Amino acid sequence: MRTDIFARLDREPEPPKIEAPRMSRHRIALFGGTLAFYVAIVWAVLITSWLVALDWKVMLFRPYQQWPELHAFLDYYVVLGQRGPTAVMVACWLGWRSWRQHTLRPLLVLGTSLLLLNVTVGAVKLGLGRLGPHYATQIGSAEMFAGGDIFPSGHTANAVVTWGILAYLATTPRARRYLSAVSATVSLGVGLTTVYIGTHWLSDVLLGWAAGLLILLALPWFEPLIARAETWILAMREEWRERRGGARPVSVPDGGPQPVLLPQSMAADGPAAETVATAPPGPALSAGHAGPAVRARAHPGHPTRPGGMPVAPAGVRRPPPHTDRAPRAGSPARPMTGG
């Protein structure tokens, strides 16, 4: 057994027993509170309340002009909220975990969360149609139903879900606490960065945080579906492997009849096709006394009689008699040479 630090990179011999999170009362209470906060933000923007006035004050303050030295760094930092780069990075890590632990659950959980993110956040974006700060037309207006797509903030919601999945899939309480703190810090920074750059209102970011948290809290409801999907995918993989490998050869028990391959010329219908196809069990023949079936294989052009004697093909002449045999009675003796 390896004891060095690289032993943790080896593949585990069998899948670990990791229990999926359940929808506990505490989680249900958090889900209900987050959903109420989500609805309150949407309602406050729809009625153009004080939250919209705060949006305009932050936008007119122009943080990117107040602290221009941060602009270069935050332009790169905001990439941590883009769906494409973050999904690739997290998928690589979870793919390695799936290989190491012999399970598809990490990748299936990531795919389910991203699908929920695209459906829920995308539907609200297109349904409300809010314009961003750079495209606002009237000071103090909520800019709703104007053909925009920035409410809620997709960058913020994606940062919450993508990095929060690492904490959701953590296998130990300690790792879950650390990863929860890291994901909260990253998602908080991405949301405030979009406000700094001026691409989102402050209320967009608040709603993005709530949207991403709702998806993470609702994932235990989808765990049974993820388990069934994993079972189906693994079954399809085994079936594909069997089809690709072909039929397995049938094993013959010791002492049983062994199959004998007949030449193609003997496979036709007729008396030759009725010859012995298997060698009966019995004592092994010596090398100098091959059986009839072996002789039939050695001379594929000579068929055999039912008794095992080879039949000479048509047109073949018999060999002349041996000269060392005695002459038959009644035949004249040949003269002897040399005396």
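**Notebook: helix packing and side-chain contacts in a predicted model**

I began with burial and found that buried residues make up 33% of the 339 residues in the protein, where buried means under 20% relative accessible area, exposed over 50% and partly exposed in between, with a 1.4 Å probe and protein chains only. I note that this is a predicted model, in which local features need pLDDT of at least 70 and side-chain atom pairs count only at pLDDT 80 or more, while totals for chains, interfaces and linings use all residues. Residues are numbered from 1 along each chain as its sequence is written, and side-chain values use heavy atoms, with hydrogens and water left out.

**Overall layout**

I counted eleven helices and two strands in the protein, taking helices (H or I, at least four residues) and strands (E, at least two) as DSSP runs numbered from the N terminus. Read from the N terminus on, the elements run α-α-α-α-α-α-α-α-α-α-β-β-α. I then looked at contacts, meaning heavy atoms within 4.5 Å, and found that, among those between residues at least 6 apart in sequence, 73% join residues at least 24 apart.

**The nonpolar core**

I looked up the largest nonpolar core, which has 52 residues and in which Phe151 and Ile165 have the most contacts; such a core is a set of buried Ala, Val, Leu, Ile, Met, Phe, Trp, Tyr and Cys residues joined through side-chain atoms within 4.5 Å. The helices that each supply at least two residues of this core are α1 (25–46), α2 (50–61), α4 (71–77), α5 (83–101), α6 (105–128), α7, α8 (173–197) and α9. Of these, α9 gives the most to this core, with nine residues.

**α7 against α9**

I next took helix α7 (residues 154–168) and helix α9 (residues 202–218), which pack at an angle of about 30° with their axes 8 Å apart. For this the axes are lines fitted to C-alpha atoms, for helices over the stretch in contact, and angles run from 0 to 180 degrees between N-to-C directions. The crossing of α7 past α9 is right-handed, the term for a near helix turned clockwise from the far one by less than a right angle, with anticlockwise being left-handed.

On the α7 side I listed Thr156, Ala157, Val160, Val161, Gly164, Ile165 and Tyr168, which meet Val205, Gly208, Trp209, Ala211, Gly212, Leu213, Ile215 and Leu216 in α9. The residues of this contact divide into eleven nonpolar, four polar and no charged, where Ala, Val, Leu, Ile, Met, Phe, Trp, Tyr, Cys and Pro count as nonpolar, Asp, Glu, Lys and Arg as charged, and the others, Gly among them, as polar.

**Side chains at backbone oxygens**

I looked for polar contacts, pairs of N or O atoms within 3.5 Å; within protein, one must be able to donate a hydrogen and the other to accept it, and residues adjacent in sequence count only if both atoms are side-chain atoms.

- Arg97 lies in helix α5 and is buried, with a relative accessible area of 11%. Its side chain reaches the backbone oxygen of Leu169 at 3.0 Å, and, leaving aside neighbours within four places in sequence, I found Arg97 in contact with Leu169 and Thr171.
- Arg176 lies in helix α8 and is partly exposed, with a relative accessible area of 34%. A polar atom of its side chain lies 2.9 Å from the backbone oxygen of Ala170, and, not counting residues up to four places away in sequence, Arg176 touches Ala167 and Ala170. I also noted that the C-alpha atoms of Arg176 and Gly164, twelve residues apart along the chain, are separated by 9.7 Å.
- Ser49 sits in the loop between α1 and α2 and counts as buried at 18% relative accessibility. A polar atom of its side chain lies 2.8 Å from the backbone oxygen of Ala44.

**Positive phi**

I recorded Arg62, in the loop between α2 and α3 (63–66), with a positive phi of about 55° although it is not a glycine; Arg62 counts as partly exposed at 31% relative accessibility. I also recorded His102, in the loop between α5 and α6, whose phi is near 60°, a positive value in a residue other than glycine; His102 is partly exposed, with a relative accessible area of 28%.
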